[in-house]
Every structure is written in C-alpha cells, then in structure tokens.
Amino acid sequence: SPYAIELGAGEHWWCACGLSQTQPFCDGSHKGTGITPMKFSVDKTEKLWLCGCKASGNKPFCDGTHKKLAE
C-alpha cells in the first residue's frame with residue numbers, strides 16, 4: 001500500500017529496497033544489497049502518496065501499481 005504523508009519542503013530519501021524500518025524513508029538498511037535509495041525534492045509542504053510496493057512507474061510516488069500486484 002502507498003504511504004499518505006505530509007512532507008515539508010526540501011530533500012527526502014525514499015527507500016527503494018523495502019528493508020528500512022522507517023518506511024517509506026531510507027534508514028541505511030540497503031547497505032550491501034546493491035539497491036540505493038532515491039533522493040527527491042518537494043517544493044512546498046503538501047500531502048503526497050509515496051510508493052510502498054517499490055514497483056511504481058513513477059517512483060517515489062504511487063501510481064496504483066500495487067493494485068495490479070494483488071491480482
């Protein structure tokens with residue numbers, strides 16, 4: 001499922017490996033996996049839907065791909 005999160009303006013790191021204990025954000029758990037987090041920026045404080053399935057075509061944002069994975 002996606003994460004509905006109010007994010008402040010600035011840079012953020014989205015977890016791409018799925019191992020982070022602070023989903024959907026990176027906590028360094030990817031080290032040694034060959035997968036790196038994705039840095040993204042937000043211009044203003046707003047509610048965003050961040051991908052939780054790690055398969056979105058619009059990473060780090062949810063594009064509904066998780067619905068197709070459940071079928």
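Me: Is glycine 28 buried or exposed in this predicted model?
Reply: Glycine 28 is found in the loop between E2 and E3; strands (E, at least two residues) and helices (H or I, at least four) are DSSP runs, numbered from the N terminus. Buried means under 20% relative accessible area, exposed over 50%, and partly exposed in between, using a 1.4 Å probe and protein chains only. Since the relative accessible area of glycine 28 is 17%, this residue counts as buried.

Me: What pLDDT does the protein average?
Reply: Residues are numbered from 1 along each chain as its sequence is written, and side-chain values use heavy atoms, leaving out hydrogens and water. Because this is a predicted model, local features need pLDDT of at least 70 and side-chain atom pairs count only at pLDDT 80 or more, while totals for chains, interfaces and linings use all residues. That pLDDT is the predictor's confidence in each residue, from 0 to 100. Here 99% of the residues score at least 70, and the protein averages 96.

Me: In what order do the elements of the protein run?
Reply: The secondary structure comes to one helix and four strands. Starting at the N terminus, the order is β-β-β-β-α.

Me: Which element has the lowest mean pLDDT?
Reply: Strand E2 (residues 10–14) has the highest mean, 98. At the other end, with a mean of 92, is helix H1 (residues 65–69).

Me: How many residues apart in sequence are the parts tied together by glutamate 11 and lysine 39?
Reply: A salt bridge is a side-chain nitrogen of Lys or Arg within 4 Å of a carboxyl oxygen of Asp or Glu. The structure holds one, and in it the side chains of glutamate 11 and lysine 39 meet at 3.3 Å, N to O. Glutamate 11 lies in strand E2 and lysine 39 in strand E3, so the parts that the pair ties together are apart by 28 residues.

Me: What is the omega of the cis peptide bond that joins lysine 59 and proline 60?
Reply: Most residues other than glycine have a negative phi, and most peptide bonds are trans. The bond from glutamine 23 to proline 24 is cis, with omega near 5°, and this proline 24 lies in the loop between E2 and E3. Proline 60 lies in the loop between E4 and H1, and for the cis bond from lysine 59 to proline 60, omega is about 10°.

Me: What is the phi of lysine 54?
Reply: Lysine 54 is found in the loop between E4 and H1 and is buried, with a relative accessible area of 15%. Its phi is a positive value in a residue other than glycine, near 70°.

Me: Which residues is glycine 18 in contact with, leaving aside its neighbours within four places in sequence?
Reply: Glycine 18 is partly exposed, with a relative accessible area of 41%, and is found in the loop between E2 and strand E3 (38–42). Contact means heavy atoms within 4.5 Å. With neighbours within four places in sequence left aside, the contacts of glycine 18 are Gln23 and Lys54.
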